[in-house]
Amino acid sequence: MESEALAKKIMTILEEKKATDILALDISEISTLADYFILASAENVRQLDALEDAVEEDVRLEVNKEGESSSGWILMDYRDIVVHLFTKEQRVFYDLEKIWSDAKRMEM
């Protein structure tokens with residue numbers, strides 16, 4: 001599946017599970033790390049777990065994961081797409097939107 005199509009699919013999955021502030025950053029022209037970073041926020045750690053499970057179940061591709069819901073940040077690496085799932089507090093603290101402010105934004 002093409003990166004952009006997969007990014008949109010993941011964003012839809014997150015929206016269906018009631019994630020908030022869903023945003024995809026197209027970093028393909030400014031980094032070799034990936035094509036897209038997808039950021040989404042959860043109300044609590046239980047919702048973080050639900051978001052992680054939903055993406056993993058629906059995408060069904062090999063994924064490398066870092067972090068746990070108890071830390072407030074889960075990273076799911078699908079090579080061309082890196083999904084960052086945060087609690088609201090951790091998202092504000094790490095502020096990836098500011099760090100990657102040169103990236104193009106693809107919102108829902």
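The model is a predicted one, in which local features need pLDDT of at least 70 and side-chain atom pairs count only at pLDDT 80 or more, while totals for chains, interfaces and linings use all residues. Residues are numbered from 1 along each chain as its sequence is written, and side-chain values use heavy atoms, with hydrogens and water left out.

Along the principal axes, the C-alpha trace of the protein chain spans about 35 × 30 × 25 Å. The accessible surface amounts to about 6,300 Å², and carbon and sulfur atoms contribute 45% of this area (Shrake-Rupley method, 1.4 Å probe; for residues, only the protein chains shown count as cover). Of the 108 residues, 45% count as buried, where buried means under 20% relative accessible area, exposed over 50%, and partly exposed in between (1.4 Å probe, protein chains only). Among contacts with a separation of 6 or more, 56% are accounted for by residues 24 or more positions apart, a contact being heavy atoms within 4.5 Å.

The protein chain contains four helices and six strands, taken as DSSP runs (helices H or I, at least four residues; strands E, at least two) and numbered from the N terminus. In order from the N terminus, the elements are α-β-β-α-β-β-β-α-α-β.

The six strands form an open sheet with mixed pairing, in the order S3-S4-S5-S2-S1-S6; two strands pair if DSSP finds at least two bridges between them. Strands S3 (64–66) and S6 (104–107) are the edge strands, each pairing on one side only. From one strand to the next, the twist averages 20°. Axes are lines fitted to C-alpha atoms, for helices over the stretch in contact, and angles run from 0 to 180 degrees between N-to-C directions. Strand S1 (residues 20–26) pairs with S6 in the antiparallel sense over four bridges, and Asp26 stands opposite Lys104 in S6. Helix H1 (residues 3–16) packs on the sheet, where it touches S1, S2 (36–42), S5 (81–87) and S6. The direction of H1 makes about 0° with that of S2.

Glu52 lies in helix H2 (residues 45–59). Glu52 counts as buried because its relative accessibility is 13%. Apart from neighbours within four places in sequence, Glu52 is in contact with Lys65, Ile74, Met76 and Leu85.
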